[in-house]
Amino acid sequence: MGAVIVLVSAPWLWTTISAQGHLYDASAAPTADVVIVLGTQVAADGRTPENRLAGRLRTAAALVTSGKAGSVLVSGDGGGDSGDEASVMTSYLVDELKVPKDKVAADPYGLDTYDTCKRAKDLYGIDRALIVTQSYHLSRAVTVCRSLGLDVDGVRARCDGCGKWLLAEKAVRDYFASGKAAWDVVRQRPAKVTTAG
């Protein structure tokens, strides 16, 4: 039984250990030309970000405002069930957070964390970046990107309105998602969409 637990936990341990030394709060983050914001669910109206996504965007905007990042790449599912993540993210950054439009680029085919990292490097030509998401997701995001040759440091996003049950649920989900991440990296899966947005 112990061997099974170790085997199942190996991908999560890999993402957790590999990300050490590359995780920061916004105030202590290093600098990079670009900050990548990972998409997630938009609100029920299909036009505004849900709390977790808004927290990621506010964190990214603060990095630009403080001079820690020069521009933003928002990456999400442009045709997702909850709405056009990339478009909602762009609008929120520009209209609500007052990030200059010329500093925001959108990838509507960041269909998962692996695709975001792969496309950022291969199609958007990014070699060095900060990546923003909530803490429960950050180690996996950093490890996947770095495994694909993208020099990233992770920045913990705000999580206003995130209750204990939500955080626990997301942590469990990320534990199991680490297995898919490891398999994608091992087989060097191509991105699901290989053309620019």
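## A salt bridge across the chain

Let's start with Asp112 and Arg189, whose side chains meet in a salt bridge at 3.1 Å, N to O. A salt bridge here is a side-chain nitrogen of Lys or Arg within 4 Å of a carboxyl oxygen of Asp or Glu. Asp112 sits in the loop between E4 and H4, while Arg189 is in the segment after H6, so this pair ties together parts that are 77 residues apart in sequence. Those labels stand for helices (H or I, at least four residues) and strands (E, at least two), which are DSSP runs numbered from the N terminus. Asp112 and Arg189 are both buried, where buried means under 20% relative accessible area, exposed means over 50%, and partly exposed is in between (1.4 Å probe, protein chains only).

A quick word on where this comes from: the model is predicted, so local features need pLDDT of at least 70 and side-chain atom pairs count only at pLDDT 80 or more, while totals for chains, interfaces and linings use all residues. Residues are numbered from 1 along each chain as its sequence is written, and side-chain values use heavy atoms, with hydrogens and water left out.

One of the links joins Asp184 to Lys180, with the closest N and O atoms 2.8 Å apart. These two are four residues apart in helix H6, so about one helical turn separates them. Asp184 is buried, with a relative accessible area of 2%, but Lys180 is partly exposed at 44%.

How many salt bridges does the rule count? The count comes to 18. Another of them pairs Lys118 with Asp122, where the closest N and O atoms are 3.3 Å apart. Both residues lie in helix H4, four residues apart, or about one turn of the helix. Lys118 has 18% relative accessibility, so it counts as buried, whereas Asp122 is partly exposed, with a relative accessible area of 49%.

## Helix H4, wrapped up

Why is helix H4 (residues 113–122) described as largely enclosed by the rest of the structure? It's because eight of its ten residues are buried. Among them are Tyr114, Asp115, Cys117 and Arg119. The cover over the buried residues of H4 includes E2, E3, strand E4 (104–107), helix H5 (135–147) and helix H6 (164–187). Asp112 turns up again here, capping the N-terminal end of H4: one of its side-chain oxygens lies 3.3 Å from the backbone nitrogen of Tyr114.

Now zoom in on Thr116, which is in helix H4 and is buried, with a relative accessible area of 1%. The side chain of Thr116 makes a polar contact with the side chain of Ser75 at 2.7 Å. (A polar contact is a pair of N or O atoms within 3.5 Å; within protein, one must be able to donate a hydrogen and the other to accept it, and residues adjacent in sequence count only if both atoms are side-chain atoms.) If you leave aside neighbours within four places in sequence, Thr116 is in contact (heavy atoms within 4.5 Å) with Ile36, Leu38, Ser75 and Gly110.

## The nonpolar cores

In soluble globular proteins, nonpolar side chains tend to be buried together. A nonpolar core is a set of buried Ala, Val, Leu, Ile, Met, Phe, Trp, Tyr and Cys residues joined through side-chain atoms within 4.5 Å. The largest one in this model has 26 residues, and those with the most contacts inside it include Val35, Leu57, Val74 and Leu93. The elements giving two or more residues to this core are strand E2 (32–38), helix H2 (51–65), strand E3 (69–75), helix H3 (85–96) and strand E5 (128–133). H2 gives the largest share, seven residues.

Take Leu57: apart from neighbours within four places in sequence, it is in contact with Val37, Pro49, Val74, Met89, Tyr92, Leu93 and Leu97. There is also a second, separate core of 21 residues, which includes Cys117, Ala141, Val144 and Cys145.

## A buried glycine

Gly76 lies in the loop between E3 and H3 and is buried, with a relative accessible area of 0%. Gly76 and Val37 are 39 residues apart in sequence and 8.4 Å apart in space, C-alpha to C-alpha.
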